[in-house]
Amino acid sequence: MNIPIALDRSRLDAALAATQRGYDLLIDGNWRKAADGGVLTRASPAHGVTVSTYARAGAVEVEAALAAARRAFDEGPWPQLTGAERSKLLLNVASLIERDAELLATLDVLESGKPIAQARTEIAGAADIWRYAAALARDLHGESYRTLGPSKLGVVVREPIGVVSIITPWNFPFLIVSQKLPFALAAGCTAVVKPSELTSASTLYLGRLLLEVGLPRGVVNILVGEGPDVGAPLTADPRVDMVSFTGSTRVGKAAMAAASASLKKVSMELGGKNPQIVFPDADLDAALDAVVFGAYFNAGECCNAGSRIILHESIAGDFLAAASTRAAAVPVGDPLDPDAKVGAVITPIHLEQIERHVEGARSAGAEVVLGGRRLVSLAGQFMAPTIVSGVKPAMAIAREEIFGPVLLVLTFRTMAEAIAIANDSAYGLSASVWSRDFDTCLTVSRGVRAGTVWVNTFMDGAAELPFGGTKQSGLGRELGRNAVADYTEEKTLHFHTGPRTARWLPIRQSGAA
Ligand code: NAD
């Protein structure tokens, strides 16, 4: 059983001293309180103390933010700036993110419960994404066709799509807004951003950085509030041209339905139930490390969590025993401790749901090999790293996204069976395959329906590579070289050059037109 890292009051005091507690809403270049005086508070899931108080947006603030974003798009100057000008501003944001990286990481730790070492990596990754978007801002271009005849030229230009609603979840607060906003800005769009009400602080802090670099007023507006009050109107309002949403499949479907009323473009990054398939000829030591990492990283609260382990039956027993030993050694506890690998779970309700999933699997005949319960020795919401074996593909635990540190073990005999089990899911976000045989790797990676397949590695990412899901894991891709183009619309220009020879109505001899 894991020996927890005890909470350290002095670390918490230092983190609280380094960060602010109260936040207003960013609307039209100004920080505003809610008209009705409403506030939301957020307690650290690890420490139980209040760490943030936000102005809580309502209908008045949603209206003001949408009007500001629309005005900033329709009247400019942001969409009319050159790519070089927008790029320079994005580069400056990246530098400020790096300047304030420790503070941003601390905000995410205090609100999400994720380990500080991991949060630092996420902030560094976010700064890198802002730089990548800055580079793409200068490369946004269309196409031309001189193949239409000597008196014709076809030109396809890319124009910013308009006002974008950006709605993000709580599990990677700063990283996910950074996978969307810099690309929307690079395209020349304006935005209303709604972070999760559980982890809004780092996104609001980003608003300060945007003002510091001189982003024109109204280009980015940031609202804090609950989904039905703020997220829903941002998906339905006809002034919004595109909805870029990351969150659960359930809410994503509702957001898409709302967006359909005015036929907005949607980009959906949704849930996952990702398989890791391990063949007997794999580097089993590396596979074990990746399996443990994939299941417990971010306390399993990760769309990419590789929680469905599909083992060849010849190695299942030994692999499971070794995975249990490693899982029991994962350092769980105070997320402000640099040695912590697993921190707290986001809310008490979510912790109960994770425990219920495990109990459900036990009742359905699976075996809980490790953990299965919260770590009661720690204040706050901590779940013990858990392993459930003897899982059958039809069991709920093998099909539903658990979003907790729970590793499930299924077994296979043939490659075809492994692919079939991997694909037996409503989701299709990511997958991984472990084998030293090239044919096995290629066949499995082609056969598995997923937006990303890792081959002898796990959860690697790069701003250059597109990311997104198939099936009910999403619609569209983020990152990659088309990431800015995603926030544009194509416009076709037909040019005629020289005298017009072909007329619809023939010229009359009398000379009348
Ligand atoms: P969630 O769907 O509950 O909430 C996401 C966001 O939507 C929040 O800001 C929330 O306030 C808002 N929202 C809630 N109701 C809304 C409504 N009716 N209309 C518009 N917005 C509304 O998700 P969560 O619990 O914050 O995050 C966890 C989920 O996110 C998991 O399912 C996870 O797999 C998914 N996720 C996916 C990716 C990806 O890239 N595919 C990345 C991270 C998280």
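This short talk covers the salt bridges and the ligand surroundings in one structure.

Some ground rules. This is a predicted model, where local features need pLDDT of at least 70, side-chain atom pairs count only at pLDDT 80 or more, and totals for chains, interfaces and linings use all residues. Residues are numbered from 1 along each chain as its sequence is written, and side-chain values use heavy atoms, with hydrogens and water left out.

Salt bridges, then. The structure holds 26 of them. The term stands for a side-chain nitrogen of Lys or Arg within 4 Å of a carboxyl oxygen of Asp or Glu.

Look at Arg70 and Asp74. Their side chains form a salt bridge, 2.9 Å from N to O. Both sit in helix H2, residues 59-75, and they are 4 residues apart, about one turn of the helix. Helices here are DSSP runs of H or I with at least four residues, strands are runs of E with at least two, and both are numbered from the N terminus. Arg70 is buried, at 18% relative accessibility. Asp74 is partly exposed, at 49%. Buried means under 20% relative accessible area, exposed means over 50%, and partly exposed is in between, with a 1.4 Å probe and protein chains only.

Next, Asp100 and Arg99. Their closest N and O atoms are 2.8 Å apart, in a salt bridge. Asp100 is buried at 11%. Arg99 is partly exposed at 48%.

Glu355 is buried, at 17%. Arg374 is partly exposed, at 33%.

There is also a network: salt bridges link Asp8, Arg11 and Asp337.

Now the ligand. Which residues come nearest?

Take the Ser248 side chain: one of its N or O atoms is 2.6 Å from a ligand oxygen. For the Glu401 side chain, the distance from an N or O atom to a ligand oxygen is 2.5 Å. Leu270 uses its backbone, with an N or O atom 2.7 Å from a ligand nitrogen.

On its own, the ligand has 850 Å² of accessible area, and the protein covers 88% of that. Areas come from the Shrake-Rupley method with a 1.4 Å probe.

Terms used:
Polar contact = N/O pair within 3.5 Å; in protein donor to acceptor, adjacent residues only side chain to side chain.
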